[in-house]
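I opened the model to look up its fold, then a few single residues. My entries follow.

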Amino acid sequence: MAKRILVPIDDSDRSTQALEFALEEHPEATVTALHVLDPGDFYATTGIEGGAMANYDEIQDHHETRAENFLEDAADHASELGATIETDKIVGGISRSIVDYAEDNDFDQIVIGSHGRTGASRILLGSVAEAVARRSPVPVTIVR
């Protein structure tokens, strides 16, 4: 039985379902919701807005605020289900950061949504679940 479970989250329904699954299937476990901030998202802008260079610090602050909101929503959702979770956010490549975080913090299992956000990024984020499952030193449950 897993004692420490890592649940990567974003703003997708699949990550919410993964959190629900972890809480329902492992009610005695310590669950941590993790949001990974991809630094590529900070600099994905063209760099020019109205003729001026983009303020990358503001863009990073915006992404960090969104991450805090995702984590707060996850904690609130867990509370509605009668559970308490831990939350954390880190900056890095998504799949590698998830695997490294799980290994560095002695998690027993990772529960991840099969796909993240919808649209063009859906293909890439589906590959995140696949990469995590391939590279993880601990068992991975993929929630569809």
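Is Asp106 buried or exposed? I checked: Asp106 counts as exposed, because its relative accessibility is 59%. The cut-offs I used are under 20% relative accessible area for buried, over 50% for exposed and partly exposed in between, with a 1.4 Å probe and protein chains only. Asp106 sits in the loop between α4 and β6. I also read its backbone: phi of Asp106 is near 55°, a positive value in a residue other than glycine.

Ground rules. This is a predicted model, in which local features need pLDDT of at least 70, side-chain atom pairs count only at pLDDT 80 or more, and totals for chains, interfaces and linings use all residues. Residues are numbered from 1 along each chain as its sequence is written, and side-chain values use heavy atoms, with hydrogens and water left out.

Overall layout. I found five helices and seven strands in the chain. Both kinds of element are DSSP runs numbered from the N terminus: helices are H or I with at least four residues, strands are E with at least two. Read from the N terminus, the order is β-α-β-α-β-β-α-β-α-β-α-β. Of the 144 residues in the chain, 40% are buried. I then looked at contacts, meaning heavy atoms within 4.5 Å. Among those between residues at least 6 apart in sequence, 75% join residues at least 24 apart.

The sheet. I traced an open sheet of five strands, ordered β5-β2-β1-β6-β7, with parallel pairing. Its edge strands are β5 (86–91) and β7 (140–143), each pairing on one side only. From one strand to the next the twist averages 25°. Two strands pair here if DSSP finds at least two bridges between them.

Strand β1. Where does β1 stand in terms of burial? Four of the five residues of β1 (residues 4–8) are buried, so the strand is largely enclosed by the rest of the structure. Five bridges join β1 to the parallel strand β2 (residues 30–37). Within this pairing Ile5 stands opposite Val31, and Pro8 stands opposite Leu34. β1 also pairs with β6 (residues 109–113), again in the parallel sense, over two bridges. There the bridge partner of Ile5 is Gln109.

Crossover. β1, helix α1 (residues 13–25) and β2 make a right-handed β-α-β unit. Right-handed means that, with the strands pointing away from the viewer, the path from the first strand over the helix to the second runs clockwise.

Helices on the sheet. I noted that α3 (residues 56–80) lies across β2 and β5, running at about 160° to β2. α4 packs on the sheet and touches β1, β2, β5 and β6, with its direction at about 150° to that of β2. For these angles, axes are lines fitted to C-alpha atoms, for helices over the stretch in contact, and values run from 0 to 180 degrees between N-to-C directions.

Ser95. I found Ser95 in helix α4 (residues 94–104). Ser95 counts as buried because its relative accessibility is 15%. Which residues does Ser95 contact, leaving aside its neighbours within four places in sequence? They are Val128, Ala131, Val132 and Arg135.

Charge over a ring. Arg4 lies over the face of Phe107, at 4.3 Å from the ring centre. The rule asks for NZ of Lys or CZ of Arg within 6 Å of the ring centre and within 35 degrees of the ring normal.
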